[in-house]
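The following exercises are intended for a reader who meets this structure for the first time.

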Amino acid sequence: VTLEVQRPSDSPGVLRLILSNPPANATSIEDLRSIADTLENLSPDDHVVVVSARGKGFSAGGDLKEMGRLEGHEGILQQCLESARACTAISRCPIPVIMVVHDYCLGVGIELVGSADIALANEDALFQWTEIDNGTVGGAAQGFRMLPSQVLRHLMFTAEPITARDLWIRGALTEVLPISNLEARSQDIARTIAEKPSDLVRHLKASMDSIEGLNVESAMRFEQGFIFQLNMEGSGSAARAAFLDGDRKGLKGSSALPDT
Amino acid sequence: VTLEVQRPSDSPGVLRLILSNPPANATSIEDLRSIADTLENLSPDDHVVVVSARGKGFSAGGDLKEMGRLEGHEGILQQCLESARACTAISRCPIPVIMVVHDYCLGVGIELVGSADIALANEDALFQWTEIDNGTVGGAAQGFRMLPSQVLRHLMFTAEPITARDLWIRGALTEVLPISNLEARSQDIARTIAEKPSDLVRHLKASMDSIEGLNVESAMRFEQGFIFQLNMEGSGSAARAAFLDGDRKGLKGSSALPDT
Amino acid sequence: VTLEVQRPSDSPGVLRLILSNPPANATSIEDLRSIADTLENLSPDDHVVVVSARGKGFSAGGDLKEMGRLEGHEGILQQCLESARACTAISRCPIPVIMVVHDYCLGVGIELVGSADIALANEDALFQWTEIDNGTVGGAAQGFRMLPSQVLRHLMFTAEPITARDLWIRGALTEVLPISNLEARSQDIARTIAEKPSDLVRHLKASMDSIEGLNVESAMRFEQGFIFQLNMEGSGSAARAAFLDGDRKGLKGSSALPDT
């Protein structure tokens, strides 16, 4: 399994999900399915969820190599459907979800982060809405709750990388800090919430979710109409193939991923 | 009376409401009722409203001691209904409402501030969404128009205090400044607006209110369904009792209120 | 013609619109009509639009002198209807629209900027929501996607000028930079977008537009109900006449326009 599920005995009420998919933490269909399955089957004793990753960075985006190995449209189809399930499970989770991002976060990784209640990152972490370079259009519903509209559009139309610090300055993320403090601070927030009466936290979450009016499931379904069309028309699969062939113009220069 | 209503002769068109409820400006049911009553009965000569407080700070939140003195659910019920009336009266006020916050602003105080058109604070003022520690869930409708969603969720789930300066950095409040300039600057803004043609200001207010689509009344009604449920279930009243008993864990350390 | 339309051969896919209406770039009815006409008749080879201006500043707001020359309500009526057409054409444009603001941007100029996907300005450029001083109420739909609600209300109720840098700090604009870099950077962004596959960019734009839910046409129609009422009642035309007579109190002191 690529998703570790922990309930640490020294932090009662804290449910930890740890992504670990070497070498680069490309987010696989199985990762997304495991997140959804876990959040749809919480224990009444779970008071707060913390999602982080082990390895080089939080998420290298959807696993294009896996998609390339699957037959026909199967790869992109499963990535879409399971990412919608995972993001919906995060945004509708009955208890708060805290995302802890280190070093890099691309594509579907940002969709997961933007679906959550609270999101921390180390200040140098690089974020990149890579969708347009990978032949897809996702992430707007989550992006619009992180950033002013025009700032998001700039990032999504250009696929320019941006640091966590610069994202924070424009309104996104709840906190950015040195990587040495990231783990301790996120655990501190999780414990603070876990110690509140759980019925109060659950009622507050339900109330805020409705008043915010976020509907990740519907928005992703809408976006995926465009993604499926792009794949029927051929542009979607062509963009993924170009990535795998390594021939996309200026790729290394514009990618937020370290060379591997 | 705990709400002073002034129409200063040197500032024609400016209606001043001054909260004064010693020792700490806990916001009483009567305070909320007076705000609503005043704003629902404006004179055609009123062009702009300025709400401030006299004493240690702007608002210590809803008056838990008063709620404790009233029979059964009467205290929480009246606080809820009158805070919804006051916030609705502010947000639907036909003329602009300016809130001037000094030193601290907790719980229902933030709901009042977030319902207004313009909000200034001294840069060191402490804000705290104390709802979750007092057994309630309110303030989301106002909070979502002050802060990005995830930033608000962090503050509401943890009840961490935050300075006016840090709130301003994340998008809330129109202006933060040294306390020595707070009164002069807020009067300056009020006079600027009062000198504009009043029919223009009223039309602009009505137009912006509709286009923003804020519905404080409906959102608070929705939240209060959860508050009433929490009190029927017992958690709401238990949290208030714990506060009054002074036995809530770490209270002094985490409260934005100065020791009294 | 006051709107130059260019398709530079060294930037394939980039459509440039350049406003030029000496001496001050007051935005005429013809300017607005030309923007709408051009964006409603794009070529399939256009991948991205860049709108800028030549001369002292980006826009001095709607041309009050032109409105004064037209008979009866004709001036304000045509300004309103054509500004709604232009803003709608920008916000519904099937390809991204980049606004490049230099030195000043008032009134309807901000409505154009706020309707676009991406907006850059030189850091010292002055913005001013002059509507209330000119007897109108427009710009809220665009303003609410640029700024937090209370910040926008402060600017619209007071008509205070604000620099691009200060707007950026509060969330508006995608980038502010020294004027010497403005042209190069905006062309760089345009070329980056123009090089992406155009079907992907168009699908992404359509998807984001729907998910954001912005409806400039409906919001401006709503606002213009108030503007038309103000002109039937006389306050709207009186404010414009006062401007033309140069007798509005403190005008020079509060205007973002340089003396001409």
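The exercises below concern a predicted model, and each is followed by a worked solution.

**Exercise 1. The fold of chain A**

Determine how many helices and strands chain A has, and why its radius of gyration agrees with that of a compact globule.

Solution. 
- Step 1. Chain A holds twelve helices and nine strands.
- Step 2. For 260 residues, a compact globule would have a radius of gyration near 18 Å; the value for chain A is 17 Å, and therefore the two agree.
- Step 3. The C-alpha trace of chain A spans about 50 × 35 × 35 Å along its principal axes.
- Step 4. Buried residues, those under 20% relative accessible area, make up 64% of the 260 residues of chain A.
- Step 5. Among the contacts in chain A with a separation of 6 or more, 73% join residues 24 or more positions apart.

**Exercise 2. The interface of chain A and chain C**

State what area is buried between chain A and chain C, and which residues of chain A lose the most area.

Solution. 
- Step 1. The contact involves 31 residues of chain A and 34 residues of chain C.
- Step 2. About 2800 Å² is buried between these chains, with carbon and sulfur atoms giving 64% of that area.
- Step 3. On the side of chain A, the greatest losses fall on Gln150(A), Arg153(A) and Phe157(A), which together account for 29% of what that side buries.
- Step 4. Five salt bridges are found across this interface. One of them joins Arg153(A) to Glu212(C), with the closest N and O atoms 2.7 Å apart.
- Step 5. Polar contacts link 16 residue pairs between chain A and chain C, both residues being at pLDDT 80 or more.
- Step 6. Helix 5 (140-146), helix 6 (149-158) and helix 10 (216-233) of chain A each give two or more residues to this side, and helix 6 gives the largest share, nine residues.

**Exercise 3. The interface of chain B and chain A**

Identify which helix of chain B gives the most residues to the side that touches chain A.

Solution. 
- Step 1. Here 31 residues of chain B are in contact with 34 residues of chain A.
- Step 2. Five salt bridges cross this interface, and Glu160(B) forms a salt bridge with Arg185(A), the closest N and O atoms lying 3.0 Å apart.
- Step 3. At least two residues each come from helix 5 (140-146), helix 6 (149-158) and helix 10 (216-233) of chain B.

Note on methods: Residues numbered from 1 in each chain as written. Chains lettered and ligands numbered in written order. Predicted model: local features only at pLDDT ≥ 70, side-chain atom pairs only at ≥ 80, totals over all residues. Heavy atoms only, no water. Contact = heavy atoms within 4.5 Å. Buried area = accessible area lost by both parts, 1.4 Å probe. Salt bridge = Lys/Arg side-chain N within 4 Å of Asp/Glu carboxyl O. Polar contact = N/O pair within 3.5 Å; in protein donor to acceptor, adjacent residues only side chain to side chain. Helix = DSSP H or I, 4+ residues; strand = E, 2+ residues; numbered from the N terminus. Rg over C-alpha atoms; globule rule 2.2 N^0.38 Å. Buried < 20%, exposed > 50% of the residue type's maximum accessible area, 1.4 Å probe, protein only.
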